[in-house]
Amino acid sequence: MNKFLLLTCLIILTSWHAFSQNPLVTHMFTADPTARVFNNKLYVFPSTDIVCEEGKSQNGFCMPSYNVFSTEDLTTWTDHGLIIDQTDVPWGKKDGFGMWAPDCVEKDGIYYYFFPAPPEDGKGFRRIGVATATSPEGPYTLEDNYIQGVEGIDPNVLIDDDGRAYLYYGGGENLKAVELNADMKSIKGKPKTIEKLPTRYKEGSFVFKKNGIYYFTFPHDQSGSEEISYATGKNPMGPFEYQGIIMDRFKDGIWTNHHSIVEYKKQWFIFYHHHDISNNQHLRSMRADSLFFDNKGAILKKEATLRGIGITKIDKPIQIDRYSKAHNLKVNRLKYADVVGWQLDYIKNGSYVTYNSVDFGNGTAKNVILKASSGMQGGTVNVFVANELIAKIKVTNTGNWDNWKEFKVPLDKTVKGIQNIKLVFEGNDSYLMNVDWIKFD
Ligand code: FUB
């Protein structure tokens, strides 16, 4: 069986947990993540990519269903399982494979899930459906028909402070907005085109409000793949003034990006996707990074990272290939493992890697362990915590590059609290070693 198909088939009916950096989950492909805070938990509502059967793709994608995920610590992710499948949608094409980017909002204790799907009646590329539940995790009850008067992809809903709700949607030269009626399932008046946005392809509207400013954010293809851009305004229906780019376009073979922005426990985050696991732009994986604003409310441009979000505890190996910064080395998928993982490779004398926000607790760690391999002579790994050298690990030849060994040395100092770590590699002129993970015990 194809390994991607196998991975996709591993969608488990009961809850599934991941402990991760970026991407957030590795047991299935997830795209277009909409993050929302409900009941003090951070929920993510992504779409699902699967490997296409011949002739089933929709613009290259095969997207049959939706799962919902949650976290409380930004590190442990629970997959609550499937909430809607294309075959459940009364008005949808049962083999449409076009369940694109969704959203979910809460009003008066009811969770309203908005999603695009190809309609069975053939009237339009995508129609937007609504499903409701009394818990973000479902079960969801689907409306019999799609929202009348609306046609397009990527629904996003903003509920303003006065309780009025607005639906944003569409893909193409123009994005649209329309107010929803109090029932949240029908529109008030006619959809309006959002004016004054930059020209060329746009999609994935995501609107949020902060300090009285409405931020209209959107993926925008102005030169070959999508960057995440934004405009701001004083009214939920616009006009919006273009402000600039939040995240640059990817230049490594993935055309889409699709995001959402949320505040959780006093920190803002951007959720988005990349093709980390598959290296295939139609089999994407959701990611997240911290996001910051300046004191006038401008969004500071964000570089996509592998490190992602959350504080890493030392009770498990630290996947240092999900680094904060790196110099003169590469990252590749682990070759030997059944599970999805990566390794640092092509490490040379002077290469380094940093990994931020590791929680050492109250100083119980006595040793550091490095899982490494070397088909050459190996080298020395200088371990710095909070800029202090706390260990030197000598890695020797392990037989070949795929033969992994654990190298353990005592720490020279007690380390407490949340710290950033840095590994600096030293050795001769050849490639020194590959690294899988580092652990403190
Ligand atoms: O995931 C399918 C489509 O690709 C989304 O609806 C778009 O925003 C883009 O990410």
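**Ground rules.** I am working with a predicted model, where local features need pLDDT of at least 70, side-chain atom pairs count only at pLDDT 80 or more, and totals for chains, interfaces and linings use all residues. Residues are numbered from 1 along each chain as its sequence is written, and side-chain values use heavy atoms, with hydrogens and water left out.

**Domains.** I looked up the division of the chain and found domain 1 (3-291) and domain 2 (312-440), with bounds from an automatic or database domain assignment. Their centres, taken over C-alpha atoms, are 36 Å apart. Eight residues from domain 1 and eight from domain 2 make the contact (heavy atoms within 4.5 Å).

**Between the domains.** I noted a buried area of about 690 Å², with 57% from carbon and sulfur atoms (accessible area, 1.4 Å probe, that two parts lose on being put together, summed over both). Three residue pairs are in polar contact across this interface, both at pLDDT 80 or more (N or O atoms within 3.5 Å; within protein, one must be able to donate a hydrogen and the other to accept it, and residues adjacent in sequence count only if both atoms are side-chain atoms).

**Ligand.** Which residues surround the ligand? I listed D32, M63, W100, A101, D154, E203, T256, H258, H273 and R284 (a heavy atom within 4 Å). Polar side-chain atoms lie 2.5 Å from a ligand oxygen for D32, and 2.6 Å for H258. For E203, a side-chain N or O atom is 3.4 Å from a ligand oxygen. The protein covers 99% of the 270 Å² of accessible area the ligand has on its own (Shrake-Rupley method, 1.4 Å probe).
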